[in-house]
Amino acid sequence: MKVFINFVKGFKITGRVIRMLILLFVINLAFSMILAVPMYRSLEESLGNSLAGERMAEGFDYLWWQEYRDDARGLEKTFTPTIIGKGAILDNMESLIQMQVFDLPPAVLVFGILYIILHTFLAGGILSVFRKGEFQFSMRSFFKGAGAHFFRFFWLMILSWMFFLIIGTGVKSGLNSILDGIRDTAFSEITPFYLGIAFSAVVFFLILFVQMVFDYGRIKIVLEDSPNVLASAAGAFGFVFRNLGSTLGLFYLLFLVQIFFTLLYILIQGVIPQSTFFGVAMAFLCQQIFVFGLIGIRCWLYSSQMELYRYLK
Amino acid sequence: MLLSYATFLSSSDEPFCKQVANYTMNVVLDTEGDTITGEEFLTWTNDTEYPAEELWFHLYWNAFKNNMSTYMIESRRRGRNPTDFAMDDWGYCRVDSIFLIDEENFEEFDLSPAMAFRQPDDDNVLDQTVFSVRLPRPAEPGQTVELRISFLAKVPRPISRTGVYKDNYFIAQWFPKIGVFEDGKWNCHQFHSSSEFFADYGTYDIKITIPSSMVVGATGEHREITDNGDGTTTHRFYQHSVHDFAWTASPHLLEFKEDFEFAAGKMTEITLLLQPYHTKLKDRYMNAVKNAIRYSSLFYGDYPYTTATCVDPGYNSRSGGMEYPTFFTGGAYFITRKRDDSPEGVTIHEFGHGYFYGLVGNNEFENPWMDEGFTSFLDTEVYYAAYQNPLYTKRYFGIPVSFPEVEIPIESDGISSHRQTWNMDDMQRFAWKFMEGESYGANSYSKGELTLRTLKRYMGPDLFADMIKSYSQRWWFKHPKPKDFYEVVSEFAGQDMSWFLDQFVYGSGKLDYAIDRITSERIIQQEGWFGGGYIDGSPKNRETEAYESEVLVRRLGEVKLPIEVLVVFEDGSEFLENWDGQYRWKKFTYAGPARIARAVVDPEFKLVIDINRTNNSMTQKSNKTAPIKWTSRWLLWLQHAMEFFTVFGG
């Protein structure tokens with residue numbers, strides 16, 4: 001019950017700070033455009049004045065893409081048919097769970113790290129707004145809050161990376177070794193397949209668990225103005241383990257919301273024809289609404305978690 | 001008490017060709033030691049004009065005897081270390097005795113003192129994949145010699161499409177196999193990392209004794225099953241007019257048989273040996289084999305054998321995707337999508353080898369493109385005739401996800417690997433002499449396929465169809481060389497086609513024609529004082545606009561072929577130009593009332609092997625919608641990734 005109460009409360013709180021969501025969305029879009037411009041230029045140059053441009057306007061010209069892929073360097077390698085619809089989401093999920101992020105081109109990797117650090121900075125602002133409870137969003141107080149907590153959030157992020165490293169190099173490697181051993185002696189591909197799914201689920205759960213714990217670490221820092229990063233992290237672990245049902249319940253409830261929202265997006269975008277400029281514009285609008293929604297769900301998670309923390313404390 | 005069960009298929013035992021190398025064998029599989037003990041009776045006929053003083057044999061499994069065989073050394077050079085073998089994992093084939101049988105005088109001559117291992121390709125004295133025996137008297141032209149060979153073959157852990165994994169045996173290239181005597185010499189190469197096989201046609205009459213619990217499949221007709229009463233069963237397989245014999249045995253295989261009429265009055269019995277965890281794929285496998293037989297018969301001649309056996313390879317058996325006469329392996333994953341061409345693609349390909357290498361018996365060592373390229377061409381022609389275009393599919397966590405927006409056209413097959421390797425080697429090269437494994441694969445499979453598809457579109461589909469069917473049937477049960485294919489192509493084309501074929505077969509250039517530029521400039525009209533008076537050339541006084549247009553076409557590659565260029569104007573008028581494609585460039589100029597809208601090299605896409613297709617066309621205005629559309633779709637992936645990966649931060 002307390003999970004649901006704070007779930008609803010978090011939604012209402014998030015709904016009152018639409019301007020903050022818009023700010024976060026604009027930052028996401030503006031940051032993305034930094035790489036979108038060279039990608040556009042690359043596609044424009046490759047398609048040039050060729051009839052491949054007309055075919056790609058109407059659909060997906062596999063023959064043109066084969067050529068593009070065979071010559072692709074750096075960022076260009078990320079342009080594949082899987083960016084269509086569900087593929088984009090599945091690609092990112094697989095990269096995360098299989099820890100393939102380091103397989104991304106250097107430009108994307110560096111860019112991603114910068115964005116993570118930026119988002120760590122912004123998280124301070126988000127939580128400050130939710131802490132105050134005034135819901136009168138102002139840029140000044142948002143960035144003041146972001147700045148005030150960035151140093152501690154940054155070190156908390158570094159500490160979390162150690163846990164992610166343990167998951168990646170320790171847990172995942174260990175599970176992979178087990179899986180390889182089973183594969184080498186299995187009668188069929190079925191057992192390794194299901195084990196692989198199970199192991200991926202374990203890794204995914206651990207990654208999300210660490211994220212959740214460090215969310216509470218950040219909440220602790222903001223609510224209690226805790227100066228000690230290690231103590232805040234330890235306190236967050238303690239809080240989560242003492243309230244495992246509530247914290248996990250709230251987290252996965254919002255995770256389900258995200259899944260549902262994503263499926264809805266995949267369904268809708270699949271029916272938008274994109275052979276005309278108008279269709280492309282509609283699809284782009286739909287995409288951006290989806291991204292805005294993801295940002296909203298992230299903020300909803302933060303506000304719900306903060307309310308749950310207050311409730312249980 | 002011994003029980004016998006005999007089954008005879010309604011087949012003719014009349015061979016389709018001269019049976020040069022006939023094998024009658026009794027072999028016993030020992031599953032405890034993973035060995036095959038065999039007695040082999042070989043009758044070999046010297047079908048040449050030259051006497052044979054020696055006989056040469058392959059012992060392919062000695063490639064797996066130790067890590068110093070030619071096969072292992074070459075594998076390591078290619079960055080593949082195929083073994084982390086324990087003592088029992090290695091394989092070999094050992095000749096225990098070899099006797100020449102003189103039936104006339106009821107004598108046997110022991111040839112083993114005259115046995116010698118040979119290394120005709122690389123002088124690696126540690127390689128024992130070829131041996132020879134000297135005959136007491138030369139075998140004269142037309143003479144038949146009979147040999148009795150006792151051998152022991154140790155089954156390796158799976159390597160190079162053969163071996164044993166748990167209780168799943170796939171046995172290929174397993175017995176002492178005589179080489180090919182031609183032009184007075186033995187053509188009997190060592191087993192290389194990237195080579196395949198070459199042998200003469202003959203009759204195989206093989207009895208295999210295995211544990212009774214096992215299901216067995218092999219080349220040819222399953223003629224007899226005899227329960228020996230001691231826990232073993234002897235299976236007799238028989239096939240004439242083939243040049244190889246392989247078999248599989250496993251207690252887990254499910255056997256499905258179906259008589260299939262692939263053309264009016266033409267039947268063959270399909271046997272499908274399926275893994276128990278792939279029962280959902282039974283219909284897909286069966287239909288793939290049927291489509292392969294049906295369309296291959298249509299395109300290349302009626303399938304002549306009474307049987308076709310398809311084996312769904314066991315997991316970890318490394319026997320998938322391989323071919324033997326009338327017997328081949330497929331390959332599939334237990335989860336598959338309707339249009340992701342698995343198991344159809346590999347099944348059709350491996351059946352197709354029944355034609356190119358099986359019926360048309362090219363030397364896979366020396367002319368690998370003549371079976372791999374032809375079969376790659378065959379499998380896509382059959383697949384695209386029988387099925388819808390496959391969809392782009394990617395596996396996520398082992399689950400295939402298809403993308404309905406992305407259909408894969410037939411012209412995409414092979415071009416990527418050709419693009420990466422076009423300048424590494426000529427297509428015609430001995431299999432082990434390519435620069436590296438990637439080049440062997442690309443030149444043998446991809447470039448061969450692309451060359452044939454380009455030839456087909458150049459000649460025209462009907463003429464090509466007649467040509468390829470004639471070539472196929474003309475060279476059944478023979479050993480063609482490249483010149484033999486050339487002859488048939490030239491015959492049907494009505495001209496010597498070596499100018500076309502040489503560039504691909506014996507060349508390593510690329511084919512790349514491009515539209516370099518299109519321009520249309522308004523013709524400057526007269527304006528001003530001229531002898532006859534003043535001419536007012538202002539726009540309101542012009543009756544019509546006139547343009548001087550130019551198309552520049554360039555040959556960027558080394559391959560020279562005649563091409564067509566389509567030029568389309570804004571008023572809808574079109575010109576189809578022809579260019580011999582010889583020089584480096586060609587200009588086409590026009591004067592008319594409209595500007596050029598677009599120009600296209602090779603508008604009918606005949607030059608499938610053109611390495612850069614995007615530069616084949618040019619329009620006056622670039623299409624802005626496409627880069628915007630696809631950048632925005634890519635942007636979603638990036639934006640989602642950024643939000644998704646904030647799990648690592650705040």
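The model is predicted: local features need pLDDT of at least 70, side-chain atom pairs count only at pLDDT 80 or more, and totals for chains, interfaces and linings use all residues. Residues are numbered from 1 along each chain as its sequence is written, and chains are lettered from A in the order in which they are written.

Start where the chains meet. 75 residues of chain A are in contact with 61 residues of chain B (C-beta atoms, placed from the backbone, within 7 Å). On the chain A side, α2(A) gives the largest share, eleven residues. By class, this side has 45 nonpolar, 21 polar and nine charged residues. Here Ala, Val, Leu, Ile, Met, Phe, Trp, Tyr, Cys and Pro count as nonpolar, Asp, Glu, Lys and Arg as charged, and the others, Gly among them, as polar.

Now move to chain B. The axes of α2(B) (residues 282-300) and α3(B) (residues 344-352) come within 9 Å and cross at roughly 40 degrees. Axes are lines fitted to C-alpha atoms over the stretch in contact, with angles from 0 to 180 degrees between N-to-C directions.

Strands β25(B) (residues 391-396) and β26(B) (residues 399-407) pair in the antiparallel sense over six bridges; pairing takes at least two DSSP bridges. Helices (H or I, at least four residues) and strands (E, at least two) are DSSP runs, numbered from the N terminus. Arg395(B) has Pro400(B) as its bridge partner in β26(B). Two residues lie between the strands, and Phe397(B) in the turn has a positive phi of about 55 degrees.

Key: Two residues are in contact if their C-beta atoms, placed from the backbone, lie within 7 Å.
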